[in-house]
Amino acid sequence: MEVALAANGHKNESASFEQIMLSLVLAVTVAASSWSSESAHLKTALDRAIVSFPAHRADLERKFGKSQAIDLGVRLAEDESAFTHPVPAGYTEDTYHETLTAIARADLELIARAETWTTPQLLNETGLHPAFVQSPTDGLWEPLAVYVPPHHAANPPIAFVIHGRPQTETELLGQPYFRSLADSTGTVLVAPWGRGMYDFEGVAQTDVEALVPMAQATFVSDARKSFLVGYSMGGFTVFKIGTTKTWAGVM
């Protein structure tokens, strides 16, 4: 189920990159006595990241291109705004807040890594984290959301998960459902942004094709354990990109 998010504008005092990272660390490690306490810390970190974003935009455009750089800024505003929304139908309060905090953490970490990393990377690290693959078409970076369950085999299966529209990859894996399935089966989840294009048209499809061998090498897996999964728009998209290679299964 997609989380409805709305953009919001901000005008606050400028904050340094170090302050943004400190806010993120506090938000992630604070021993919150309630969801509202943790949400407040994350909301503050998002506010500071939004204010700082214009200073880093030129560098982000060099790495991601103009359109994707704008997408990254919009994410921060949507994440911040979501903390003021009521719990939508179909969610419990705990599930909704778990989803919001997971998405906010992932997007804050995505921006921090995008601003500091000099090369795109995909790391084998437990939990939900952002990563990047470099497009073989134009050299631009492509954002990824990656979830590695705490307990998995040495050569785990990988599910390449295609998000719905207008979801982002962090919104998809930020929700607990796919991650719970991954925990129960020891499956690594890799979700590409696909440049936000409808049905991953054009270069987005090529980006996914480049991602597959990179993920297989990172997690020491192979094609016999590589699955393609699509949700909503992604459910249609698998019929497009699912024909480009042999998959262990398509869902």
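## What you are looking at

The model is predicted, so keep its ground rules in mind: local features need pLDDT of at least 70, side-chain atom pairs count only at pLDDT 80 or more, and totals for chains, interfaces and linings use all residues. Residues are numbered from 1 along each chain as its sequence is written, and side-chain values use heavy atoms, with hydrogens and water left out.

## The overall layout

The chain has 8 helices and 6 strands. Here helices (H or I, at least four residues) and strands (E, at least two) are DSSP runs, numbered from the N terminus. Reading from the N terminus, the order is α-α-α-α-β-β-β-α-α-β-α-β-α-β.

How much of the chain is buried? Of the 251 residues, 53% are. "Buried" means under 20% relative accessible area, "exposed" means over 50%, and "partly exposed" is in between (1.4 Å probe, protein chains only). As for contacts (heavy atoms within 4.5 Å), take those between residues at least 6 apart in sequence: 71% of them join residues at least 24 apart.

Strand β2 (residues 141-148) pairs with β1 in the antiparallel sense, over 8 bridges. Two strands count as paired if DSSP finds at least two bridges between them. One example to find on screen is His129, whose bridge partner in β2 is Val146.

Together β1 and β2 make a hairpin, with 6 residues between them. Look for Gly139 in the turn: it has a positive phi of about 80°.

Helix α3 runs over residues 66-82, and at 1.5 Å a residue its 17 residues should span 24 Å. The expected span is 1.5 Å times one less than the number of residues. The C-alpha atoms at the ends of α3 are 25 Å apart, which agrees. This helix is mostly covered, with 12 of its 17 residues buried, including Leu72, Arg75 and Leu76.

How many salt bridges does the structure hold? There are 15, each being a side-chain nitrogen of Lys or Arg within 4 Å of a carboxyl oxygen of Asp or Glu. Arg113 has a salt bridge with Glu109, at 2.9 Å between the closest N and O atoms. Both lie in helix α4, 4 residues apart, about one turn of the helix. Arg113 also meets Glu125 in a salt bridge (2.8 Å, N to O). Arg113 is buried because its relative accessible area is 11%, while Glu125, at 21%, counts as partly exposed.

Elsewhere, Asp138, Glu142, Arg195 and Asp207 are linked in a network of salt bridges. Asp207 lies in helix α7 (residues 203-218) and counts as buried because its relative accessibility is 3%. Leaving aside residues up to four places away in sequence, Asp207 touches Val133, Ser135, Pro136, Glu142 and Arg195.

## The aromatic cluster

Rings of Phe, Tyr and Trp (its six-membered ring) pair if their centres lie within 6.5 Å; planes under 30 degrees apart count as stacked, over 60 as edge-to-face and the rest as tilted. By this rule there are 6 aromatic pairs. Phe64 and Trp141 have ring centres 5.7 Å apart and planes at 65°, so this pair is edge-to-face. Phe64 is in helix α2 (residues 35-64) and Trp141 in strand β2, so the pair ties together parts that are 77 residues apart in sequence. Both residues are buried.

Trp117 and Phe132 also form an edge-to-face pair, because their ring centres are 5.7 Å apart and their planes are at 85°. Trp117 and Phe132 are both buried. Finally, Phe64, Trp117, Phe132 and Trp141 form one aromatic cluster.
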